[in-house]
Amino acid sequence: MATTSFSSLQIAMSRSCIPSSQRIADASTVVFGGKSKVGSWNKFASACHVASVQPFQRGFTSSSTKSIKVTTKAMSESSEKSPISGLPINLKGKRAFIAGVADDNGYGWAIAKSLAAAGAEILLGTWVPALNIFESSLRRGKFDESRVLPDGSLMQITKVYPLDAVFDNLEDVPADIKANKRYAGSSKWTVQEVAESVKEDFGSIDILVHSLANGPEVTKPLLETSRKGYLAALSASSYSYVSLLKHFLPILNPGGSSLSLTYIASERIIPGYGGGMSSAKAALESDTRVLAFEAGRKRKVRVNTISAGPLRSRAAKAIGFIDMMIDYSIANAPLQKELSAEEVGNAAAFLVSPLASAITGTVLYVDNGLNAMGVGVDSPIFEDLNIPKDQH
């Protein structure tokens with residue numbers, strides 16, 4: 001079982017995003033040339049652009065078996081003599097690895113954009129079978145509109161690594177996966193190997209983001225879920241985070257931050273969110289607290305998770321009722337509006353920034369307040385209560 005990029009209800013259906021031999025995460029080497037600038041609090045500023053001994057513009061060269069050796073570093077255009085007014089989220093000089101980005105419309109991509117806008121250097125991990133499509137889209141400029149940052153510059157991606165977070169090391173990979181043609185041409189994509197590659201390429205990182213999940217039987221009620229499907233959901237959606245942090249912790253700089261994405265089904269009943277996925281999210285939140293203690297004591301690294309509301313992403317649409325969940329949220333949440341991926345990305349930028357230096361072991365709800373509701377106020381039962389509604 002494997003994972004795919006995380007978005008919305010945090011599921012990638014095996015039938016839609018992953019074939020029956022599902023797995024996560026992509027990649028190879030992508031280097032983009034470009035500039036970005038520093039801005040203010042309410043307009044995140046990009047302070048990161050990539051310098052390479054072999055500069056690229058829109059295009060890039062990538063190979064899963066042979067990667068081009070380039071020298072990269074994050075740079076800032078702003079002068080140290082020019083003070084920034086207000087209370088900015090400043091991630092200049094920080095490097096982030098975001099696992100689970102395979103398109104431009106999920107939470108992982110939005111988090112990458114917000115971190116880049118705040119000045120961080122961006123590394124991505126993408127599910128191996130999705131690598132070619134993702135790279136092709138980047139190369140052809142398909143994501144250029146989505147890459148635009150608040151200051152008008154494009155988000156720069158320093159490198160993309162192939163990643164399948166279901167496997168800790170090469171010994172864990174079964175023969176059928178090693179022989180699978182969708183993995184042909186790619187190498188060093190297990191969690192341990194990717195962590196080693198990042199260390200070899202960059203030495204260390206400051207931010208680790210887990211933005212992936214998969215439940216092959218997500219449409220099945222829990223009582224109809226097989227043991228295999230249940231354990232697969234936990235492996236891909238929760239243990240994968242434990243594994244990522246375990247292997248990346250040695251290269252996470254002290255004072256760094258780690259972040260995952262969860263969903264309110266961990267603590268509330270969400271019919272249709274089955275296959276063990278609610279259990280996987282509950283495990284992820286419990287692990288967040290334990291990992292916060294262990295990583296905090298060992299490396300002074302903070303560990304948090306964001307419980308995000310529903311998003312109209314490609315992966316979420318596969319479960320069949322995402323539109324209904326969004327409508328329900330708009331009708332019943334304190335803030336009657338559709339949640340945007342950018343709002344989750346901005347919350348993530350805050351959590352991994354020095355502004356949140358005392359926050360760890362926390363579940364942060366970014367769902368327009370839906371988590372606080374005890375009843376659905378759109379029920380006919382409440383029609384005589386004159387409950388305020390958004391008129392816009």
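Helices (H or I, at least four residues) and strands (E, at least two) are DSSP runs, numbered from the N terminus. With that in hand, the protein comes to nine helices and eleven strands, and Asn332 has its place in helix H8 (residues 322-332). This is a predicted model, so to speak: local features need pLDDT of at least 70, side-chain atom pairs count only at pLDDT 80 or more, and totals for chains, interfaces and linings use all residues. Residues are numbered from 1 along each chain as its sequence is written, and side-chain values use heavy atoms, with hydrogens and water left out.

**The whole protein**

- Of the 392 residues, 54% are buried (buried is under 20% relative accessible area, exposed over 50%, partly exposed in between, with a 1.4 Å probe and protein chains only).
- The protein exposes about 17000 Å², and carbon and sulfur atoms supply 53% of that (accessible areas come from the Shrake-Rupley method with a 1.4 Å probe; for residues, only the protein chains shown count as cover).
- Take the contacts with a separation of 6 or more: 80% of them are between residues 24 or more positions apart (contact means heavy atoms within 4.5 Å).

- Strand S4 (residues 95-99) is largely enclosed by the rest of the structure, because five of its five residues are buried.
- Both faces of S4 are covered, with Arg95, Phe97 and Ala99 buried on one side and Ala96 and Ile98 buried on the other.
- S4 runs parallel to strand S5 (residues 121-126), and five bridges join them (two strands pair if DSSP finds at least two bridges between them).
- Arg95 has Glu121 as its bridge partner in S5.

**Strand S9 and its partners**

- Strand S9 (residues 252-262) is mostly covered, with eight of its eleven residues buried.
- S9 pairs in the parallel sense with strand S7 (residues 205-210) over five bridges, and Leu208 stands opposite Ser258 in S9.
- S9 also pairs in the parallel sense with strand S10 (residues 302-308), over six bridges, and here Ser260 stands opposite Thr305 in S10.

**Asn332**

- Asn332 counts as buried because its relative accessibility is 2%.
- Leaving aside neighbours within four places in sequence, Asn332 is in contact with Leu370, Met373, Val375, Gly376, Val377 and Asp378.
- Ser379 is 47 residues from Asn332 along the chain, and their C-alpha atoms are separated by 9.4 Å.

**Two residues with positive phi**

- Lys188, a residue other than glycine, has a positive phi near 55 degrees; Lys188 sits in the loop between helix H3 (175-178) and helix H4 (191-202).
- With a relative accessible area of 48%, Lys188 is partly exposed.
- Asn368, also not a glycine, has a positive phi near 65 degrees and lies in the segment after strand S11 (363-366).
- Asn368 is buried, at a relative accessible area of 8%.

**Cavities**

- A search of the whole structure turns up two cavities of 30 Å³ or more (on a 1 Å grid over the protein atoms alone, a cavity is a set of points where a 1.4 Å probe fits but cannot get out, and lining residues have an atom within 4 Å of a point).
- The second largest cavity has a volume of about 40 Å³ (grid points are joined across faces, edges and corners, and a volume is the space filled by probe spheres set on the points).
- Its lining includes Asn368, along with Gly309, Pro310, Ile326, Ser329, Ile330, Lys337, Glu338, Leu339 and Asp367.

Note on methods
On a 1 Å grid over the protein atoms alone, a cavity is a set of points where a 1.4 Å probe fits but cannot get out, and a pocket is an open set with protein on both sides within 12 Å along at least five of seven lines; lining residues have an atom within 4 Å of a point.
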